[in-house]
Each structure stands twice: as structure tokens, then as C-alpha cells.
Amino acid sequence: MINNRIKQAKFQLSQHRTQGTNSRLSVFEVAKLMDTVKKGEELNNSKGQSIIFSLN
């Protein structure tokens, strides 16, 4: 599910890049897509690292 969102965000950003000034995305939408890609990749990289909490 996360990988699909990352792929979709990357695709939309590449479309935005090729369309240039003709793109319909706002600055805020582009920033949100970039955040999605960045945070999604961080999540994928940290999947192997888990933190175990114990409560007494």
C-alpha cells in the first residue's frame, strides 16, 4: 500500500516536471507529493529496524 502511494507520487511529480509551467499542480500539492515520497522511502528503509517496548 505504501509502495503504491510512493509510485503514484513519483509519477505525478515526473508529470509535473515534464509539463513545466503548464502543470495544474500547485506549490502545496507538489510539496505534499515530495513529502510523501521522502517519508515513504524512510519508512521502507526503517522497516527492518524495530523498537521493542516493555511495560511493567
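Predicted model: local features only at pLDDT ≥ 70, side-chain atom pairs only at ≥ 80, totals over all residues.
Helix α1 has 18 residues and reaches 26 Å from its first C-alpha to its last, which is close to the 26 Å expected at 1.5 Å a residue, where the expected span is 1.5 Å times one less than the number of residues. When I say helix, I mean a DSSP run of H or I with at least four residues, a strand being a run of E with at least two, and both are numbered from the N terminus. Residues are numbered from 1 along each chain as its sequence is written, and side-chain values use heavy atoms, with hydrogens and water left out.

Staying with α1, its buried residues are Ile6, Ala9 and Leu13, buried meaning under 20% relative accessible area, exposed over 50% and partly exposed in between, with a 1.4 Å probe and protein chains only. These residues cover an arc of only 65 degrees around the axis, which puts them on the same side of α1; the arc is taken from the directions that run from the helix axis to the C-beta atoms. The face turned away from that buried side carries the exposed residues Asn4, Lys7, Phe11 and Thr18. Arg5, also in α1 (residues 2-19), counts as exposed because its relative accessibility is 54%. Just after α1, Gly20 takes a positive phi of about 65 degrees.

Let me turn to the partner. The protein has two helices and zero strands, and the buried residues of α1 pack against α2. Helix α2 has 19 residues and reaches 27 Å from its first C-alpha to its last, close to the 27 Å expected at 1.5 Å a residue. Its buried residues are Val30, Leu33, Val37 and Gly40, and, seen down the axis of α2, they fall within an arc of 100 degrees, so they line one face of the helix. On the other side of α2, Val27, Phe28, Lys32, Lys38 and Lys39 are exposed.

Which residues make up the largest nonpolar core? It has five: Ala9, Leu13, Val30, Leu33 and Val37, a nonpolar core being a set of buried Ala, Val, Leu, Ile, Met, Phe, Trp, Tyr and Cys residues joined through side-chain atoms within 4.5 Å. The elements that give two or more residues to this core are α1 and α2, and α2 gives the most, with three residues. If we leave aside its neighbours within four places in sequence, Val30 is in contact (heavy atoms within 4.5 Å) with Leu13, His16 and Leu25.

There is also a charged pair to look at. The count comes to one salt bridge, defined as a side-chain nitrogen of Lys or Arg within 4 Å of a carboxyl oxygen of Asp or Glu. The side chains of Lys10 and Glu41 form it, at 3.0 Å from N to O, and the pair links distant parts of the chain, with Lys10 in helix α1 and Glu41 in helix α2 (residues 27-45), 31 residues apart. Lys10 counts as partly exposed because its relative accessibility is 40%, and Glu41 counts as partly exposed at 33%.

As for the protein as a whole, 14% of its 56 residues count as buried.
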